[in-house]
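I am opening a page for one model. The entries follow the order in which I looked things up.

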Amino acid sequence: MEEYKRTVLYVEDNQLNMALMHHIFKRNLPSILLLEAETAELGLSMAREVLPDLIILDIGLPGLNGYEALEILQQDEATCHIPVLGTSAFAQLSDIEKAKNRGFAAYITKPFQVKAFTETVKRLLDSGL
Ligand SMILES: [Mg+2]
């Protein structure tokens, strides 16, 4: 069995982005276990159960959106300490400002720049990966 050092939960409704993320992790962050959730609702229950080291949260989701999910994570004592990396195709400066103000630890616009993305994940995990 493989030994994973850290766990990251990715909440994303787009299957192509999910596949890309698995690819990035396998290649650049192989010691991290990447878990996936297709909706915020599923992501929230997984976050409470698994307590991942980092959550990557898409903003545009069916049902609850990323901002609403972030608020619930922040209000829950069990999950409020987990850093949340927001991701979206919304790349306007106002979107980026909004994301930072809401309390995302970082915000990355799609399409992902793989190197910068990987570095942000490592920084947020703050470990000797
Ligand atoms: Mg989406």
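Is Ser 88 buried or exposed? I find Ser 88 buried, at 3% relative accessibility; buried means under 20% relative accessible area, exposed over 50%, and partly exposed in between (1.4 Å probe, protein chains only).

Notes on the source. This is a predicted model, in which local features need pLDDT of at least 70 and side-chain atom pairs count only at pLDDT 80 or more, while totals for chains, interfaces and linings use all residues. Residues are numbered from 1 along each chain as its sequence is written, and side-chain values use heavy atoms, with hydrogens and water left out.

Ser 88, continued. I place Ser 88 in strand β4; helices (H or I, at least four residues) and strands (E, at least two) are DSSP runs numbered from the N terminus. Not counting residues up to four places away in sequence, Ser 88 touches Asp 58, Ile 59, Tyr 107, Ile 108, Thr 109 and Lys 110, contact meaning heavy atoms within 4.5 Å. I also checked Leu 51, which is 37 residues from Ser 88 along the chain: the two C-alpha atoms are separated by 23 Å.

Salt bridges. I count four in the structure, each a side-chain nitrogen of Lys or Arg within 4 Å of a carboxyl oxygen of Asp or Glu. Lys 110 and Asp 58 meet through their side chains at 2.9 Å, N to O. Lys 110 sits in the loop between β5 (106–109) and α5 (114–125) and Asp 58 in strand β3, so the pair ties together parts 52 residues apart in sequence. Both ends are buried, Lys 110 at 15% relative accessibility and Asp 58 at 3%. Glu 12 joins Asp 58 and Lys 110 in a network of salt bridges.

Asp 53 pairs with Arg 6, the closest N and O atoms being 3.5 Å apart. Asp 53 is in the loop between α2 and β3 and Arg 6 in strand β1, so this bridge ties together parts 47 residues apart in sequence. Asp 53 is partly exposed, at 28% relative accessible area. Asp 76 pairs with Arg 48 at 3.1 Å between the closest N and O atoms. Here the loop between α3 and β4 (84–88) is tied to helix α2, so the linked parts are 28 residues apart in sequence. Arg 48 is partly exposed, at 41%.

Cavity. Which residues line the largest cavity? I list Leu 9, Val 11, Ala 40, Gly 43, Leu 44, Ala 47, Ile 55, Leu 57, Ala 69 and Leu 73. Helix α2 gives the most to this lining, with four residues.

Technical notes
1 Å grid on protein atoms, 1.4 Å probe; cavity = no way out; pocket = protein on both sides within 12 Å on 5 of 7 lines; lining within 4 Å.
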